[in-house]
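Student: I am new to this protein and would like to go through it with you one question at a time. Could we begin with the core and work outwards from there?

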Amino acid sequence: MLKDETFAKHAPRIKSISVESDCVILRDNVSGRIIEVAIRGGELACQHCEKGDCIHVGFVLSMPDVYDMLESKGAKRRFL
Ligand SMILES: [Zn+2]
């Protein structure tokens, strides 16, 4: 049990795997699933939750790389 608790404490819930020009691939460590968040016209859409405001989208928005990319695609200040 102790090992699991340590893992839960230190492992981030979501980890980014890859940032593409039109999507971001994440791994959700809670569900164990690979999640794709699509970037379309400066908007983010989680393909797993089919939402634009789930925890995965929130995570993607917290990544500086993605923020820069969205900004370069004309999504300036949309998420601020
Ligand atoms: Zn999601």
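Tutor: Keep in mind throughout that this is a predicted model. The largest nonpolar core has ten residues, namely Val-24, Leu-26, Ile-35, Val-37, Ile-39, Leu-44, Cys-46, Val-57, Phe-59 and Val-60.

Student: In what order do the elements run from the N terminus on?

Tutor: The protein has three helices and four strands. Read from the N terminus on, these elements follow the order α-β-β-β-β-α-α.

Student: What is the order of the strands in the sheet, and how are they paired?

Tutor: The four strands form an open sheet with the order β1-β2-β3-β4, and the twist from one strand to the next averages 25°. Within this sheet, β1 and β2 form a hairpin with three residues between them, and they pair over five bridges. The pairing in the sheet, whose order is β1-β2-β3-β4, is antiparallel.

Student: Why is one side of β1 left without a neighbour in the sheet?

Tutor: Strand β1 (14–19) stands at an edge of the sheet, as β4 does. Each of these two has a single partner strand, so one side of each is left without a neighbour in the sheet. β1 is also hardly covered, for among its six residues the count of buried residues is zero.

Student: Is Val-19 buried, partly exposed or exposed?

Tutor: Val-19 is found in strand β1 and stands opposite Val-24 in β2. Around Val-19 there are 16 other C-beta atoms within 10 Å, whereas a buried residue needs 20 or more and an exposed one has 12 or fewer. Val-19 is therefore partly exposed.

Student: How far apart are the C-alpha atoms of Val-19 and Asp-65?

Tutor: Not counting residues up to four places away in sequence, Val-19 touches Val-24, Asp-65 and Val-66. Val-19 and Asp-65 are 46 residues apart along the chain. In the model, their C-alpha atoms are separated by 8.2 Å.

Student: Is Glu-50 buried or exposed?

Tutor: Glu-50 lies in the loop between β4 and α2, and its phi is near 55°, a positive value in a residue other than glycine. There are 8 other C-beta atoms within 10 Å of Glu-50, and a count of 12 or fewer is what makes a residue exposed. Glu-50 is therefore exposed.

Student: Which element has the lowest mean pLDDT, and which the highest?

Tutor: For the protein the mean pLDDT is 82, and 78% of its residues reach 70 or more. Among the elements, the lowest mean, 59, belongs to helix α1 (residues 2–10), and the highest, 95, belongs to β2.

Conventions. Residues are numbered from 1 along each chain as its sequence is written. This is a predicted model: local features need pLDDT of at least 70, side-chain atom pairs count only at pLDDT 80 or more; totals for chains, interfaces and linings use all residues. A nonpolar core is a set of buried Ala, Val, Leu, Ile, Met, Phe, Trp, Tyr and Cys residues joined through C-beta atoms within 7 Å. Two strands pair if DSSP finds at least two bridges between them. Axes are lines fitted to C-alpha atoms, for helices over the stretch in contact, and angles run from 0 to 180 degrees between N-to-C directions. Two residues are in contact if their C-beta atoms, placed from the backbone, lie within 7 Å. pLDDT is the predictor's confidence in each residue, from 0 to 100.
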